[in-house]
Amino acid sequence: MHGLVIKNTGSWYTVLTEDGNTVDCKIKGNFRLKGIRSTNPVAVGDNVMIIRNQEGTAFISDIADRRNYIIRKSQNLSKQSHIIAANIDQAFLIATVNYPQTSTIFIDRFLATAEAYSVPTILIFNKTDLLSDEERHYQKMMIELYQTVGYRCEEVSAATGEGIDKIVPLLKHKITLLSGNSGVGKSTIINRIIPEANLRTSHISDAHNTGMHTTTFSEMLPLADGGFIIDTPGIKGFGTFDMEPEELTSYFKEIFRFSKYCRFSNCTHTHEPGCAVIQAVKDHYISESRYQSYLSMLQDKDENKYREAY
């Protein structure tokens, strides 16, 4: 029987079957995906084949080829990956200028990974109701930066509902991944869009201005007008996985545009003479923050540097 994985609680997977029922499933101990060293061989969004047993549960026996996925380096096992979700139409990256602050490095790492796996991404800046005039100005500059690069940006306040009406039509008939740091308000946004979801929320830590995990597992939530939202646990750092240095340039849109004019075809854009990218940074055609994110990702092959970065 075919089905769609709609929930993953670690050892159990909830599968929505072709007949509209849900079945709790496990995977066999030797179940591994070829070519991917992952802590979770099956992810929310996967299309799978299941075999029912007499106890009313089932085993996942096979997984269909994925059209895309979002993957990051496992926090516990640096040489393995963690698949956040599979077969998604788009991602909403929820960011906050404050309460807590989302770093540009985190945003850029997520965007580069989404580019690598062909997942269109929209940036959603939440908690606009809490911002000071200075913070609003900073958010405006961030939005201008990412819009110039080529990303759509929206401002919302999940607490007041402001701006939510702009993003609801973008969700219709699509499978949308919601991701971001802990505490940026993913669950509150989902509760605004799907009130019956009634997801648990919590306040951020005053001592460290960081979010506390309220979502502990990934889950697909159906939308009334068709489509799904994939709710995911908040993440602190976003370590990139299996990206070769020579590929990285193409995952930064503006760096890729200027790289065509470098003197050397194998330019790394770090030190070479005649590098059009370095010159574009100096001339402010490429932002310093985006360039620094690119450099930090070049260093991800060095495990110690990755560990220190977070």
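This report covers the fold, cores, salt bridges and confidence of a predicted protein model.

## Basis

Numbering starts at 1 along each chain as its sequence is written. The model is predicted, so local features need pLDDT of at least 70 and side-chain atom pairs count only at pLDDT 80 or more, while totals for chains, interfaces and linings use all residues; side-chain values use heavy atoms, without hydrogens and water.

## Overall fold

Nine helices and 13 strands make up the secondary structure of the protein chain (DSSP runs, H or I of at least four residues for helices and E of at least two for strands, numbered from the N terminus). Of the 310 residues, 51% are buried (buried is under 20% relative accessible area, exposed over 50%, partly exposed in between, with a 1.4 Å probe and protein chains only). Among contacts with a separation of 6 or more, 65% join residues 24 or more positions apart (contact means heavy atoms within 4.5 Å).

## Nonpolar cores

The largest nonpolar core has 32 residues, and I70, I88, I107, Y146, L177, M220 and I230 have the most contacts inside it (a core is a set of buried Ala, Val, Leu, Ile, Met, Phe, Trp, Tyr and Cys residues joined through side-chain atoms within 4.5 Å). Helix α1 gives the largest share of this core, five residues. Beyond residues up to four places away in sequence, I230 touches V44, A85, I88, I175, T176, L177, L178, E219 and M220. Another core, apart from the largest one, holds 20 residues, including I122 and L170.

## Charged residues

The whole structure contains six salt bridges (a side-chain nitrogen of Lys or Arg within 4 Å of a carboxyl oxygen of Asp or Glu). In one of them, D46 pairs with R66, with the closest N and O atoms 2.7 Å apart. D46 lies in the loop between β3 and β4 and R66 in the loop between β5 and β6, so the pair ties together parts 20 residues apart in sequence. D46 is buried at 0% relative accessible area, and R66 is buried at 17%.

R290 forms a salt bridge with E254, the closest N and O atoms being 2.7 Å apart. Because R290 is in helix α8 and E254 in helix α6, this pair ties together parts 36 residues apart in sequence. Both residues are buried, and D108 is linked with them in a network of salt bridges.

## Confidence

The chain averages a pLDDT of 87, with 84% of residues scoring at least 70 (pLDDT is the predictor's confidence in each residue, from 0 to 100). Residues 204-213 fall below 50, and this stretch has 23 contacts in the model beyond near neighbours in sequence.
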